[in-house]
Amino acid sequence: MKKIIHVSIICLLVFGCKKNVNVPLSFDYGSVKEGVYDNTYFKFKLPVNPDWYVLNNEEAEELYESGKDIASGDNESLKKALDASMINVAKLFNVFKSEPGTVTTFNPSIIINAENLKNYPNVDTPEKYLDQAKEMFRQSAMDIEYIEEKKDVHIGSQDFVFMSVKNKTYGVEVLQDYYVTLKERFAVAFIMSYMTEADKKELYEMFNKLKI
């Protein structure tokens with residue numbers, strides 16, 4: 001199911017990703033201390049289940065790069081667009097229920113990205129950001145079914161938009177919940193991927209304790 005993991009990661013990207021991201025000098029990628037992921041730049045904290053596996057930078061980079069190629073498929077225009085715009089997304093946090101490589105039907109995850117919107121002045125609301133995401137999905141090799149959308153989801157001090165999709169790529173149905181907010185001219189996206197209600201419950205036990 002490694003391809004499915006890759007696809008679940010590329011679903012998060014709208015304008016691309018790269019290690020050397022276009023971010024301010026004061027930018028903070030955050031870190032996990034005493035069971036809590038803490039990001040001082042975006043001012044939020046997320047408790048982490050100690051039994052889950054937090055990806056290091058090298059592991060995250062490998063999955064994102066593979067996912068990009070899988071999602072673009074034979075669409076050379078999309079592949080070039082992703083390659084040409086890989087300076088906008090900071091991969092803040094990636095946690096999986098099991099270490100990558102573990103034999104399992106699907107490895108549920110929470111992934112947090114921050115996408116720099118400096119060069120996209122028209123994308124000035126979370127709703128417009130999701131519209132861009134949908135356009136990327138449309139061009140990709142993925143089979144996406146939209147389940148639910150909500151506006152004005154209030155969490156802490158922030159207003160989010162919510163989107164739930166079913167990713168049916170490779171014949172396996174993976175559910176993904178997106179929560180997106182704008183902060184410091186970045187689109188900050190929290191994405192939860194899962195297959196079972198039990199895994200969803202574990203994911204939301206973490207996400208529901210988000211302080212932002």
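What you're looking at is a predicted model, in which local features need pLDDT of at least 70 and side-chain atom pairs count only at pLDDT 80 or more, while totals for chains, interfaces and linings use all residues. Residues are numbered from 1 along each chain as its sequence is written, and side-chain values use heavy atoms, with hydrogens and water left out.

Is Thr181 buried or exposed? Thr181 is buried, with a relative accessible area of 1%; buried means under 20%, exposed over 50%, and partly exposed in between, using a 1.4 Å probe and protein chains only. Its side chain makes a polar contact with the side chain of Gln158 at 2.8 Å, and also reaches the backbone oxygen of Asp159 at 2.9 Å. (A polar contact is a pair of N or O atoms within 3.5 Å; within protein, one must be able to donate a hydrogen and the other to accept it, and residues adjacent in sequence count only if both atoms are side-chain atoms.) Setting aside neighbours within four places in sequence, Thr181 is in contact (heavy atoms within 4.5 Å) with residues including Pro126, Phe160 and Val188.

Now for the greasy parts. Nonpolar side chains in soluble globular proteins tend to be buried together. A nonpolar core here is a set of buried Ala, Val, Leu, Ile, Met, Phe, Trp, Tyr and Cys residues joined through side-chain atoms within 4.5 Å. The largest one has 31 residues, and Phe42, Phe44, Tyr179 and Phe190 are among those with the most contacts inside it. Several elements each supply at least two residues, including β3, β5 (89-96) and α5 (197-207), but β10 gives the most, with five. A second, separate core has 16 residues, Leu117 and Tyr178 among them.

Next, follow helix α5. Its buried residues are Asp199, Leu203, Tyr204, Met206 and Phe207. Seen down the helix axis, they fall within an arc of 150 degrees, so they line one face of α5; the arc is that of the directions from the helix axis to the C-beta atoms. The face turned away from that buried side carries the exposed residues Glu197, Ala198 and Lys201. The buried residues of α5 pack against β3, β6, β7, β8, β9 (174-183) and β10.

Finally, look at the open sheet of three strands, with the order β1-β2-β3 and antiparallel pairing. Two strands pair if DSSP finds at least two bridges between them. β1 (31-33) and β3 (44-47) stand at the edges, each with a single partner strand, so one side of each has no neighbour in the sheet. Three bridges link β1 and β2, while four join β2 (residues 36-39) to β3. Asp38 is the bridge partner of Ser31, and Asp38 also stands opposite Lys45 in β3. The hairpin of β1 and β2 has two residues between the strands, and Glu34 takes a positive phi near 50 degrees. In the β2 and β3 hairpin, with four residues between the strands, Lys43 in the turn has a positive phi of about 55 degrees.
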